[in-house]
Amino acid sequence: MTTTSPRSARTVPGDGPARPGLLRPVRTATRYAVRHGLPAVYLARAARRGDPVGRLLREPESREDPYDLYEQLRARGLLSPSALGPVTTSHAVATEVLRSDAAGVGWDRSQAPALVRWALRFGDELDATGVAEPPSMLVTDPPDHTRLRRLVSRAFTPRATLAAEPMVQRTAETLLDRLAGRDDVVDLVGAYAAQLPVLVIADLLAVPAERREDFLRWGAAAAATLDPGLPLRRYVAAERALRAMHAFLRGHFARLRRDPGEDLVSRLVTLPGDEALTERELHATVMLLLGAGFETTVNLLGNAVVLLDAHRDQWDALRADPAGWDGAVEEVLRSDSPVQLTGRSIVRDTEVAGIGLPAGTRVTLLLGAANRDPAVFDDPARFDVTRANARDHLAFSGGIHYCLGAGLARLEGAVGLRVLSEHFPRLRVAGRPVRRDLQTLRGFETLPVRLR
């Protein structure tokens, strides 16, 4: 592999580590106010007025079980007004918006009020940046999105995913072997569902497996910042974890520049010349890969176990015919999607579902509702692992922002569930699983089970 000097990554102001000082708490407060404080006040007010999106994002009961609210919204039409702009539960409309070149993931900061623009500049700091801020691919449009995605896509091709299957199986078996003697109640999230994908992505990105508990903590913090309107205490805790993650990445990049391997991060830190990423792009890209690399699978595995526990006949049928696990994963993704919603900004005047949308409109796409659209899925509330068109779901988004690691998540889900069923065929949920206090991502914080 061609190597470059440690200066190969281009730098821009604000890329380096920030030194603690009197301004740090002021900048933290400024970041919180713009990114979460003001949205929290706005959404709470909207929820009190009965706004459906405000309720969805602020009411604990709506976050716990959003599906009744989704159906109320569906009854209002293909595009329903809300405090955040038009919202859709329609599979067809969501697909159209996701694939439209008139809709982007970024937003034009120049259109924001002058005070907000100042606050964004003042509070800007690499070490406090999460996965929902530029230049993360989640919120970056072409041409930058195209350039960044091209650099990492080779690690997630179907061939690369297939090559990872033996390692995923070995990892799953090792984790479950450690639980073989347990007769007490086990938290399946902490003991297995979270461990499996974090060990897999750690291997892919050449990060030490012994740091997996750190990655889980950092990833949870990064994921929390996807929800608007976090409480101040939670935001401060998330920023503290983000700073620790950025500090680790800075050292990790330095090690790989000195001694690069064949892994994805080594390729990114040693890109030559004009291809080289800025430090901010490096941090944003690898942080997204780390977080997204296990967040979806953690939620997928937990949601699957709870659904299959409630449909025991389907668990038994899958044990008898393991070839069905791929289809089961698709039905879990459709029925209780790990990613429940996303948004797009209209970049030029356009029309969606016969409705004119001017440039600057923000459209909220309720993916969890689109995946239960009766126009696409018969009896959509019914969980059926043999559903023929389950793979038509939008759980991995669509268009140019289709989830890069979808193939890996599917593999981890199918292998992880199959191996779990082989090791512990009588596994049952024991007690009340606790949902994560998030709306964008849907999964379990804890999932108590008895293995025998």
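A salt bridge here is a side-chain nitrogen of Lys or Arg within 4 Å of a carboxyl oxygen of Asp or Glu, and the structure you have open holds 35 salt bridges. This is a predicted model, in which local features need pLDDT of at least 70, side-chain atom pairs count only at pLDDT 80 or more, and totals for chains, interfaces and linings use all residues. Residues are numbered from 1 along each chain as its sequence is written, and side-chain values use heavy atoms, with hydrogens and water left out.

**Stop 1**

Start by selecting arginine 432 and glutamate 64, whose side chains meet in a salt bridge (3.7 Å, N to O). The two partners sit 368 residues apart: arginine 432 is in the loop between strand 8 (428–429) and strand 9 (434–435), while glutamate 64 is in helix 3 (residues 60–64). Helices (H or I, at least four residues) and strands (E, at least two) are DSSP runs, numbered from the N terminus. Colour by accessibility next, where buried means under 20% relative accessible area, exposed over 50%, and partly exposed in between (1.4 Å probe, protein chains only). Arginine 432 is exposed, because its relative accessible area is 60%. Glutamate 64 has 33% relative accessibility and so counts as partly exposed.

Now pick aspartate 336 and arginine 442, which form a salt bridge at 2.5 Å, N to O. This pair also links distant parts of the chain, 106 residues apart: aspartate 336 belongs to the loop between helix 17 (325–335) and strand 4 (341–346), and arginine 442 to the loop between strand 9 and strand 10. Are these two residues, aspartate 336 and arginine 442, buried or exposed? Both aspartate 336 and arginine 442 are buried.

While you are looking at charges, select Arg31, Glu125, Glu239 and Arg243: salt bridges that share partners join these residues into one network.

Aspartate 214 counts as buried because its relative accessibility is 19%. Arginine 211, at 28% relative accessibility, counts as partly exposed.

**Stop 2: helix 12**

Which residues of helix 12 are buried? They are Asp214, Phe215, Leu216, Trp218, Gly219, Ala221, Ala222, Ala223 and Ala224. Show the surroundings and you will find these buried residues packing against helix 11 (195–204), helix 13 (232–258) and helix 15 (279–310); contact means heavy atoms within 4.5 Å.

**Stop 3**

On a 1 Å grid over the protein atoms alone, a cavity is a set of points where a 1.4 Å probe fits but cannot get out, and a pocket is an open set with protein on both sides within 12 Å along at least five of seven lines; lining residues have an atom within 4 Å of a point. Grid points are joined across faces, edges and corners, and a volume is the space filled by probe spheres set on the points.

The second largest pocket has a volume of about 440 Å³. To centre on it, select Leu216, Arg217, Ala220, Arg436 and Glu445, the closest to its centre among 23 lining residues. Helix 12 gives the most to this lining, with 6 residues. By class, the lining divides into 13 nonpolar, 2 polar and 8 charged residues, where Ala, Val, Leu, Ile, Met, Phe, Trp, Tyr, Cys and Pro count as nonpolar, Asp, Glu, Lys and Arg as charged, and the others, Gly among them, as polar.

**Stop 4**

The structure holds 3 cavities of 30 Å³ or more. The largest has about 50 Å³ of space, and its lining includes Leu126, His246, Arg280 and Met287. Helix 15 gives the most to that lining, with 4 residues.

Move to the second largest cavity, of about 40 Å³. Its lining includes Arg63, Arg435, Arg436 and Arg442, and divides into 2 nonpolar, 3 polar and 4 charged residues.

**Stop 5: alanine 94**

Finish at alanine 94, in helix 5 (residues 91–99). Alanine 94 counts as buried because its relative accessibility is 1%. Beyond residues up to four places away in sequence, alanine 94 touches Thr88, Leu365, Ala370 and Leu394.
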